[in-house]
Amino acid sequence: LHMGRTMKEDLTVVVQRIKQLYPPDFNVCGTYAELYHNYFASQLKQTAESQLEDKDIYLLLSWVHNIYPNDIRKDRVLAEELGKVKLGNLLPSSLIKELEKKYLGSEEAAVKNCLGRCLEMEIQRWKGDQEPEKLDGHFHSELAILAIQNVYGGRKRADDLNAALGEEIAPCLSRELVAFLKSYKDAFEEFKEKGKKQKFYKPILMANINNCQHFRNYTEKNIAEKDDNRASILSTLSDIENSGFDVLLQQLFAELKPIYKKFTENKWDSSDEIMNAIIKTTGKYMSDFESLNDPFYKAIVEKVHVHLVKEYIVRLLKRRVSLKSPVQQQNLAQNISKNAAALEAFCTSHGSQASWLNSALPKLAEIIRLQDSGAIKIEVATLATVYPDIRKKHLEAFLHIKANLTRGELKSILNYLKDSTASSPPSAPLFSNINVS
């Protein structure tokens, strides 16, 4: 710092006062600049070849890449004169590369250590069974913020030295983020199993699901798509999110199971009362989910919506009801339509955006209501267009309800589905998650 300041101050005096005392062809500014540069470079080289700590390496590289070329050589007073002189780098390129290699390794190790400490602190907080703080009504953890600050700080320090170093360290840091998130996922899975009896078990789960949003936002904004680590990070975050959702929904789905069984046990009588019980039971859980950040609240509500529709379809495919009378079929279709409307209204009122589910039950009700096989085929084709994962086995089990279909009509309808069903898997599956016994 002393040498750099001295060089800058002295050369400023040369440019402003001494230059005018010499003939132009003497190039006094260049002479002074070369002498100062050579001395400064020799001292820096001597320092660079000695035993250095990480902070010393960073300081030397700061001089080579930033302070010397920008603060001295591009100084507004000196820039014009120094631009005429070929001064070169402060250090030989081979030595710069060696220092850069050491710096990148130490920076990556430092970030790795910081991430490890962040995770260990978080695990200790889980064990303390304290309710996480809330931020804007959502459970919050500092883990994501601290971890991201470490990764971002590592990249910024490299960028501050040199843009090329920033590009070089980027995949190294994202690789450390991958390793950290995998360790985080493992620790989260262990807590899920061992922490079930803790008082604030679910709030802690929700705080950690909310963490994933910060990691996801950082990754999508700051990690290039060409970086192979990006996909691994996003995949691990999805695993953590879905794992947390599964636990939060486990008890609700267990409570709903015996209620859904009543549809077939009662031969679809009293279906309004059964649907009301389903909605009431589900409603008790919805307010808890509001402590999730908005994207995760919407995601878990959609999972609930999918489950409610899917379980209803499962009961329709159980082959427990077989109706020969068109009047009976129309009554059942009417009940299904009413149940579908109640279910849609409930899910929509709680913020579900899974509108793709809303036509499933009404279309099945319409197939039950229709008596003309040609009209049934058209409705089946429409159903298969909206839900391309429906298969012949699903439709066959469902058509068991329509006992007045002849074998020929049944076969014709089933074959029509086979010809109409898309082969590619849908982005939002419904029937593919339903097994037919």
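**Helices, pockets and cavities**

Reply: Let us begin with S106, which is found in helix α5, residues 93–127; helices here are DSSP runs of H or I with at least four residues, and strands are runs of E with at least two, numbered from the N terminus. Please keep in mind that this is a predicted model, in which local features need pLDDT of at least 70, side-chain atom pairs count only at pLDDT 80 or more, and totals for chains, interfaces and linings use all residues. Residues are numbered from 1 along each chain as its sequence is written, and side-chain values use heavy atoms, with hydrogens and water left out.

Me: Is S106 buried or exposed?

Reply: S106 counts as buried because its relative accessibility is 16%, where buried means under 20% relative accessible area, exposed means over 50% and partly exposed lies in between, with a 1.4 Å probe and protein chains only.

Me: And what lies 2.9 Å from a polar atom of its side chain?

Reply: That is the backbone oxygen of Y103, 2.9 Å from a polar atom of the S106 side chain. A polar contact is a pair of N or O atoms within 3.5 Å; within protein, one must be able to donate a hydrogen and the other to accept it, and residues adjacent in sequence count only if both atoms are side-chain atoms.

Me: How far apart are the end C-alpha atoms of α5?

Reply: They are 51 Å apart, which agrees with the 51 Å that the 35 residues of α5 should span at 1.5 Å a residue, the expected span being 1.5 Å times one less than the number of residues. After α5 comes D129, with a positive phi near 50°.

Me: Switching to pockets, how much space lies in the largest one?

Reply: The largest pocket holds about 390 Å³ of space. It is lined by 15 residues, of which A299, E302, K303, V306 and H307 are the closest to its centre. The elements giving two or more residues to this lining are α9 (228–265) and α11, and α11 gives the most, with six residues.

Me: What about the second largest pocket, which residues are closest to its centre?

Reply: The second largest pocket has about 300 Å³ of space. Among its 15 lining residues, R155, A170, N222, A224 and D227 are the closest to the centre. Helices α6 (143–161), α7 (163–194) and α8 (201–222) each supply at least two lining residues, with the largest share, six residues, coming from α7. By class, this lining divides into nine nonpolar, two polar and four charged residues, where Ala, Val, Leu, Ile, Met, Phe, Trp, Tyr, Cys and Pro count as nonpolar, Asp, Glu, Lys and Arg as charged, and the others, Gly among them, as polar.

Me: How many cavities of 30 Å³ or more are there?

Reply: The count comes to three cavities of 30 Å³ or more. About 50 Å³ lies in the largest cavity, which is lined by H305, V309, A340, L343, E344, L357, N358 and L361.

Me: Last topic, how is the chain divided into domains?

Reply: The division is domain 1 (1–91), domain 2 (100–242) and domain 3 (267–417), with bounds that come from an automatic or database domain assignment. The centres of domain 1 and domain 3, taken over C-alpha atoms, are separated by 78 Å.

Me: Where is K55 placed?

Reply: K55 is in helix α3, residues 54–72, and counts as exposed because its relative accessibility is 61%. K55 and D160 are 105 residues apart in sequence, and 14 Å apart in space from C-alpha to C-alpha.

Definitions and conventions. 1 Å grid on protein atoms, 1.4 Å probe; cavity = no way out; pocket = protein on both sides within 12 Å on 5 of 7 lines; lining within 4 Å. Points joined across faces, edges and corners; volume = space filled by probe spheres on them.
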